[in-house]
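Work through the exercises below with the sequence and the model side by side. Try each task before you read its solution.

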Amino acid sequence: MADSPTAAASRRSPDAEVYAALHADAVVTLSRWEPTGPAAADARDRTVALLAAGPVAMSRAHRPGHVTASALVLDATGSRVLLCLHGKFRRWVQLGGHCEPVDRTLAAAALREAGEESGIAGLRIDPVPIDVDIHPVSCQGGSLHHDVRFAVLAPPGAVERVSEESEALGWFPPDRLPQPLAGGTAHLVAPALATLRRAPLRPVP
């Protein structure tokens with residue numbers, strides 16, 4: 001059977017090589033993941049369908065949509081979460097962003113983004129997602145982020161440093177999150193805390 005035009009174009013794209021390992025990890029990770037609710041299940045299924053386009057689905061150049069990775073960072077006690085006031089849309093949100101060619105796994109992408117945006121070294125991550133969310137963005141004149149979200153733990157005494165992408169960073173109790181808050185951020189708290197109780201988070205995905 002002949003390839004669809006989309007599949008053939010994906011194979012010819014430079015992204016097919018640089019994102020091949022990350023794409024393979026995304027397919028395995030999401031295919032095995034047990035969603036945390038009906039909305040997450042629908043987002044997971046739509047993201048798996050997006051991944052059928054091939055490795056290009058990991059690149060911000062893919063206008064129909066692309067996979068991103070983000071992290072809800074908990075402090076060492078699990079009693080506070082770290083959020084950033086996003087410089088573009090002026091809402092408090094978890095840390096995260098686009099996947100890059102250096103990323104070999106989705107968890108590695110989320111951990112890299114968390115480190116870059118928080119300035120904190122020694123972060124640890126659980127490689128099992130806590131949520132998948134799809135939302136519209138302005139990339140390429142209009143696209144969708146298929147955001148795969150993870151729980152990350154900061155070391156004791158961690159001191160954050162504001163990056164160029166953020167207006168501010170702040171630690172907040174899970175029951176007193178700041179406003180205005182990005183949609184979907186609040187419901188990451190419960191599965192992140194459940195992950196922390198279930199198993200120690202890892203320094204390397």
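The exercises go from the whole chain to single residues.

The model is predicted, so local features need pLDDT of at least 70 and side-chain atom pairs count only at pLDDT 80 or more, while totals for chains, interfaces and linings use all residues. Residues are numbered from 1 along each chain as its sequence is written, and side-chain values use heavy atoms, with hydrogens and water left out.

**Exercise 1. Describe the secondary structure of the protein chain and how much of the chain is buried.**

Step one is to list the elements, where helices (H or I, at least four residues) and strands (E, at least two) are DSSP runs numbered from the N terminus. The protein chain has six helices and eight strands, and along the sequence they follow the pattern α-α-α-α-β-β-β-β-α-β-β-β-β-α.

Step two is to look at burial, where buried means under 20% relative accessible area, exposed over 50% and partly exposed in between, with a 1.4 Å probe and protein chains only. Of the 205 residues in the protein chain, 51% are buried.

**Exercise 2. Find which residues have the most contacts inside the largest nonpolar core, and which elements supply it.**

Begin with the term: a nonpolar core is a set of buried Ala, Val, Leu, Ile, Met, Phe, Trp, Tyr and Cys residues joined through side-chain atoms within 4.5 Å. The largest one has 39 residues, and Met58, Val73, Leu106 and Leu123 have the most contacts inside it. Among the elements that each supply at least two residues of this core are α3 (20-32), β1 (66-74) and α5 (106-118), and α5 gives the most, with six residues.

Next, turn to α5 itself, in which ten of the 13 residues are buried, including Leu106, Arg112 and Glu113. From its first C-alpha to its last, α5 reaches 18 Å, close to the 18 Å expected at 1.5 Å a residue, the expected span being 1.5 Å times one less than the number of residues.

**Exercise 3. Work out how strand β8 is paired and how covered it is.**

First, recall that two strands pair if DSSP finds at least two bridges between them. Strand β2 (residues 81-86) and β8 run antiparallel and are joined by six bridges, and Cys84 has Leu169 as its bridge partner in β8. Then check the cover: β8 (residues 166-172) has seven residues, of which five are buried.

**Exercise 4. Describe the aromatic pair of the structure.**

Rings of Phe, Tyr and Trp (its six-membered ring) pair if their centres lie within 6.5 Å, and planes under 30 degrees apart count as stacked, over 60 as edge-to-face and the rest as tilted. The structure holds one such pair: Trp92 and Phe172 are 5.1 Å apart centre to centre with 75° between the planes, which makes the pair edge-to-face. Trp92 lies in strand β3 (residues 92-93) and Phe172 in strand β8, 80 residues apart. Trp92 counts as buried because its relative accessibility is 12%, and Phe172 counts as buried because its relative accessibility is 16%.

**Exercise 5. Is Gly65 buried or exposed, and which residues does Gly65 touch?**

Gly65 is in the loop between α4 and β1, and Gly65 is buried, with a relative accessible area of 0%. Contact means heavy atoms within 4.5 Å; not counting residues up to four places away in sequence, Gly65 touches Leu50, Ala57, Ser143, Leu144 and His146.
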